[in-house]
Amino acid sequence: MLAMSSLTACGASSSPGADGVITVSYSEEVADELPLWIASEAGYFKEQGLNVKLVKLDSDQGYPALISGQTQIASIGGSQIVAGKAAGGDVKVLAALTPVVPYQLYANVATGAELKGKKIGYTSKSGSQYIGTLLALKKLGIKPSEVNLVPLGSVTNVNNALLSKTIDASATHPPASIKFEDAGMHMVLDLAKEKTPNIAVGISSTSDYIKAHPEVLDKFMAGLKKGFDRERADKAYSTKILGAHLGLKDQRALDETWEYYSTEVLADHPVATVAALQSSQQSLVGSVGGVEKVDLAGLIDTSFVDKAFPRK
């Protein structure tokens, strides 16, 4: 379940950050975060006059830290934002680092139709991997009740289970998917290539902070835009940053990961949309009270992306 224990401190995040430092959290060392890493490490936030500090917080900690004022900006999933609103929080999505589902469904069967009655592994119901799994099944015309969904707790556990064939399929993406290809698995669906909308990772802040510091968010988004551009234009630099964060030295895996994210996942105009939040909302029905009543349009502020990422 998503941690919402700090909702009583919703107004605390209006401060600009201690000693002028803007603390930005991200939840995982995944390639979705590459534009953010590049913008920080290439100095693009500094060029905007911002002192940005990136901190890694697990997904169940990022939202409470944001609304309590420990961080000013968070790179977190749409699920956290939707669930937080249902619990009384007031956070808006400002940009979508991954506006599509960044998952491919790999299996030890040749076609999606053969998955009926099979075991499909997932991490937990609170994560984007679970959302990707449900959306993949829907695209294949398979009801969740027609397969055996197996919770395994972590991405590592899911990957190992598929490689050992104790499960029959899972939603994954590069670089992990390369191991499945080498093991003779089949990719039966690529949700990113089909542009299936979802906010696996989005840039968010509280309404209080947005109102109090729009100029900071304008500068932050301008720096992030340069991170987007550098990711697309500079493969060597991007894979170097990726390798450092993922702890990966296999250049083939790094190249394929960069190719996948820069061509299939990254958007020219990374605006958050209602359609991209709907999958998160639907996946939380039954586990988060009142989530079905959340006004998704009210969770989105496109003004900062519209300024920094002009439509072509």
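This passage walks through a few local features of the structure, which is a predicted model.

After the helix comes Gly 141, where phi is positive, near 75°.

With a relative accessibility of 1%, Thr 133 counts as buried, because buried means under 20%. Beyond its neighbours within four places in sequence, Thr 133 touches Ile 120, Gly 121, Tyr 122, Leu 149 and Ala 171.

Helix α5 also packs against helix α12 (residues 274-284), with the two axes 10 Å apart and at an angle of about 95°. Angles of 65 to 115 degrees count as roughly perpendicular, so α5 is roughly perpendicular to α12. On the α5 side, the contact is made by Tyr 130, Ile 131, Leu 134 and Leu 135, while α12 contributes Ser 279, Ser 280 and Ser 283.

One of the contacts of Thr 133, Ala 171, leads on to strand β8, which spans residues 169-172. In a regular strand, side chains alternate between the two faces of the sheet. Both faces of β8 are covered: Ala 169 and Ala 171 are buried on one side, and Ser 170 and Thr 172 are buried on the other. Strand β5 (residues 104-107) pairs with β8 in the antiparallel sense over four bridges, and Leu 105 stands opposite Ala 171. Strand β6 (residues 119-122) runs parallel to β8 and is joined to it by two bridges. Here Gly 121 is placed opposite Ser 170, and Gly 121 is also among the contacts of Thr 133.

Some backbone features in the loops deserve a look as well. Most residues other than glycine have a negative phi, and most peptide bonds are trans. Pro 174 and Pro 175, however, are joined by a cis peptide bond, with omega about 5°. Pro 175 sits in the loop between β8 and α7 (176-182). Lys 165 is not a glycine, yet has a positive phi of about 65°; its place is the loop between α6 (155-163) and β8. Lys 165 is exposed because its relative accessible area is 55%, the cut-off being over 50%. Lys 195 likewise has a positive phi, near 55°, and lies in the loop between β9 (186-190) and β10 (197-206). Its relative accessibility of 44% makes Lys 195 partly exposed.

Turning to the interior, nonpolar side chains tend to be buried together in soluble globular proteins. In this model the largest nonpolar core has 43 residues, of which Ile 22, Phe 220, Met 221 and Leu 224 touch the most other members. Helix α9 (residues 214-233) supplies the largest share of this core, with six residues. Apart from this core lies another, of 22 residues, including Ala 74, Ile 81, Leu 277 and Leu 296. As for Leu 224 in the largest core, its contacts beyond four places in sequence are Pro 35, Leu 36, Ala 39, Phe 45, Leu 97, Ile 203 and Phe 309.

Notes
Residues are numbered from 1 along each chain as its sequence is written. This is a predicted model: local features need pLDDT of at least 70, side-chain atom pairs count only at pLDDT 80 or more; totals for chains, interfaces and linings use all residues. Side-chain values use heavy atoms; hydrogens and water are left out. Buried means under 20% relative accessible area, exposed over 50%, partly exposed in between (1.4 Å probe, protein chains only). Contact means heavy atoms within 4.5 Å. A nonpolar core is a set of buried Ala, Val, Leu, Ile, Met, Phe, Trp, Tyr and Cys residues joined through side-chain atoms within 4.5 Å. Two strands pair if DSSP finds at least two bridges between them. Axes are lines fitted to C-alpha atoms, for helices over the stretch in contact, and angles run from 0 to 180 degrees between N-to-C directions. Angles under 35 degrees count as roughly parallel, over 145 as roughly antiparallel, 65 to 115 as roughly perpendicular and the rest as oblique.
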